[in-house]
Structure formats: structure tokens, C-alpha cells
Amino acid sequence: MQLRKPSDIRAINRLRVLNLIRTQQGVSRADISHELGINKPSCSEIVDNLIKEGIVTEGEKTETASGRRPTPLMIAKKRYLVAGISIGLRICSIAISDLEGNVLGFKQIPTPQCPTPKDLFVLLVNDFQHMYRGDKKKLAGCVLSLSGRVADNEITVEELFEWGWKNVPFARSLPAFLDCDCILVDETEAMVSAESLLSKEIPDSFLYLNWGEHIGATLVHGSQQDRSYLGHTRIANEGSCVCGGTGCLETVSAGWAIEKNFGGKSLRELAQEKPAGFDRAMDTAALALGMEIAQTVAITGLKKVILSGNIPTLQPSLVERVTLAMRSSLPPFLQETEIVSSSLGDKARQIGPVAVALDRFVFHQSLLAQFQTNKNRYSH
């Protein structure tokens, strides 16, 4: 980002102030000025404007040892709402959240088998409108996430293998029906956003793995995110993958492949019933995934892997099995790499699009992070 005029600087400082109030509820104007290095008159002007917008509110003044009574500031969490829609092969979910990420309304809908874009569009719009009957002016935006390939325009599904969708502008007409801005994002990208926005502790660099119906992977380094197609690396000479390839990791480790091998029952049903051969299949899936993670670690040198998705949630012991498989494939000097479960558990996929909506339509945390990265780069 290049700041070409004073209004650009003011816009960035507004976001810096807004996000500091978001992360440090109760902070005062003086605290903000000191923390961000913004002079007091400019800081007060920004805060006053945020209060006028209704997005920030003042709390009751507090007593201090010196007798001064600074006014605490906090996000007016219900000033705006955001919506997130997660599109899964078996279940779609709709969530309405306040500005603190608290889910105020939630609904799950069984996904029709191989739906057409029109049928799924009508289903989601009808359920959303039935669920949300509040003031449409309060909706800051809506984000939809899915496991297919999403175009850069964030409107079009480039390809969703299982349903035969190609170049479907699924989000183009949504704003007219939902009365707010709408975008489409990759499911794993949304889950990373949830981790970054809502988790208390997150490393600067890590590999994020969404192990569920598919295997989604994203390499994160600061504000930079790079999608990886780890699930479609070839590990065998047989096994037809939904991508059209042969012997991909997904044919062994992805949820869709495991379900297919056991008559199409859901992973939840299989985990409860434990049919003959299921535990062995899960061990094989964990071994293959761990060995492929090892390849990524060997190339990148990453010290942390965050494992999310419904498979490790259904069987937490799999995290240890994947870790053992990874370490058995790495030399001693790379044994420090740690695999941990997502702190959000099985909520990551459901609230992922909500987190993206909070970022894109309200707080622009990722924009600030990118700005800071560029600023540090050019200052050296």
C-alpha cells in the first residue's frame, strides 16, 4: 500500500484506533495516543468520529490513584451484524454474529445431494431470510465459504468437483436478496481468519490444515497467506481423486474417500459405529497425512502446524498419530515441529466466514497487517 494523500493516512489511523479498541476493550484516549504514537488532538478526533458512527461507545469513567478519570472505550458490539454461510457437502450452516464474534443466531441445513447452483442458491436465501428478521441496515456484510476453488473476484466458484460446478457466479446476485455486500471465499482461508481473529494465541508462522471432507492447507507467515494443494500431491499409483488425478493424498486421507470406502455413511456415523476396518483406515489416513506434512516442514522449516476440521474433532487421538507419522519422516534437527489442535475445535468451519466478514467489512485487520508488513519492508 502506498499512502499518496493525507486521507489515506487518516483512514489507516482510523483502523489502527478501531482495532486497538477491539483488542483492548476499555482503553482510553490517552492510552491509544501513547500506544499508537498518534498525537492527542488527532486521536480524540478519530475516537469522536467512531462514536458518531456508532461503532464505538464510551463506558463509565474510572477512578485512578492520581485522581484522573479516563473514559474507557469499547466496541458497540451490536451496532452492526455480520453473516457467515458455510457450504458443506453434507451440511450448510448460517450464522449471524455481533462485532465481537458472538454468534447470535445459528442454523444448520442438510445439503441436497449434488445440488444445482440455482437450487442451493434458493435454499440458502430462503433459509437466511426466514432466520434473519432484523434491521437489514445493520448487516455490514455476508461471507460464504466452500471447499471448491474460488475465483479472484470472490464471486465465482471456479470449480467444485463433487457437484460438477464450473465457473458459477454464485455470489453475484446475493446482495440483491440479502441487502448487504456478499463475497465468496475458500473454506480453509475462512478458518484461518477465524483462528487469527478469535484465538488468544497464534504463532507468526504456521501451516494450517483443514482435515475434513477435503484436505485444505494454507501456509501462513505474518500477514501473508499462501494456499497449498497438499491434498492433491500424488502418493500412490492408484485411486481416483475427485480432482481428476490418480493417487492423490485425498484418496487415502480425505473424509469423502473414507466415507466412500464404507458405503457412503458420514464420518460421524462411522466414528460411532466403528465398522470393521474403520480404525485401520483412519490409521492409514493419519500416516499418509503425517508423512506429507513432513515434506512441507522439510521445505519450509515451520515449527508449528495447526490441525483443524471435523476429522480430528471426531477422533482427537488422530492428532498424536499424525504427529508420530510426521516426526518419523523427519531428521532429528526438525523434530521440534509441533502439531496442535485448533483452539476453536469444530466451530472453526462454522464461524470462519463470520470472521472473514468482520475483517473485510468492519475491522480490516488483514489490511492493517499487510500495511505494517510493507511499512517494515520499505523502512529497512
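Which residues does valine 17 touch, not counting residues up to four places away in sequence?

1. Valine 17 touches Ile32, Leu36, Ile38, Ile46, Val47 and Leu50, with residues up to four places away in sequence left out of the list; contact means heavy atoms within 4.5 Å.

2. On the basis of the note: this is a predicted model, in which local features need pLDDT of at least 70 and side-chain atom pairs count only at pLDDT 80 or more, while totals for chains, interfaces and linings use all residues. Residues are numbered from 1 along each chain as its sequence is written, and side-chain values use heavy atoms, with hydrogens and water left out.

3. The largest nonpolar core has 42 residues, and Val17, Ile21, Ile32 and Val56 have the most contacts inside it. Helix H13 (residues 348-363) gives the most to this core, with 9 residues. Apart from this core lies another, of 36 residues, among them Ala257, Ala294, Ile311 and Leu318. A nonpolar core is a set of buried Ala, Val, Leu, Ile, Met, Phe, Trp, Tyr and Cys residues joined through side-chain atoms within 4.5 Å. Buried means under 20% relative accessible area, exposed over 50%, and partly exposed in between (1.4 Å probe, protein chains only). Helices (H or I, at least four residues) are DSSP runs, numbered from the N terminus.

4. The count of disulfides is 0, a disulfide being a pair of cysteine sulfur atoms within 2.5 Å. For cysteine 114, the nearest cysteine sulfur is that of cysteine 92, 13 Å away; cysteine 114 is partly exposed, at 48% relative accessibility. For cysteine 182, the nearest cysteine sulfur belongs to cysteine 180 and is 4.2 Å away. Cysteine 182 is buried, at 8% relative accessibility.

5. The structure holds 6 aromatic pairs. Rings of Phe, Tyr and Trp (its six-membered ring) pair if their centres lie within 6.5 Å; planes under 30 degrees apart count as stacked, over 60 as edge-to-face and the rest as tilted. Phenylalanine 121 and phenylalanine 177 form an edge-to-face pair, at 5.5 Å centre to centre and 80° between the planes. This pair links distant parts of the chain, helix H4 (residues 117-131) and helix H5 (residues 174-178), the two residues being 56 residues apart. Phenylalanine 121 is buried, at 13% relative accessible area, whereas phenylalanine 177 is partly exposed, at 39%.

6. Ring pairs also link Phe121, Trp163, Trp165, Phe170 and Phe177 into a cluster.

7. Two arginines deserve mention. Arginine 22 lies over the face of phenylalanine 363, at 5.4 Å from the ring centre, and arginine 79 over the face of tyrosine 80, at 4.4 Å. A charge sits over a ring if NZ of Lys or CZ of Arg is within 6 Å of the ring centre and within 35 degrees of the ring normal.
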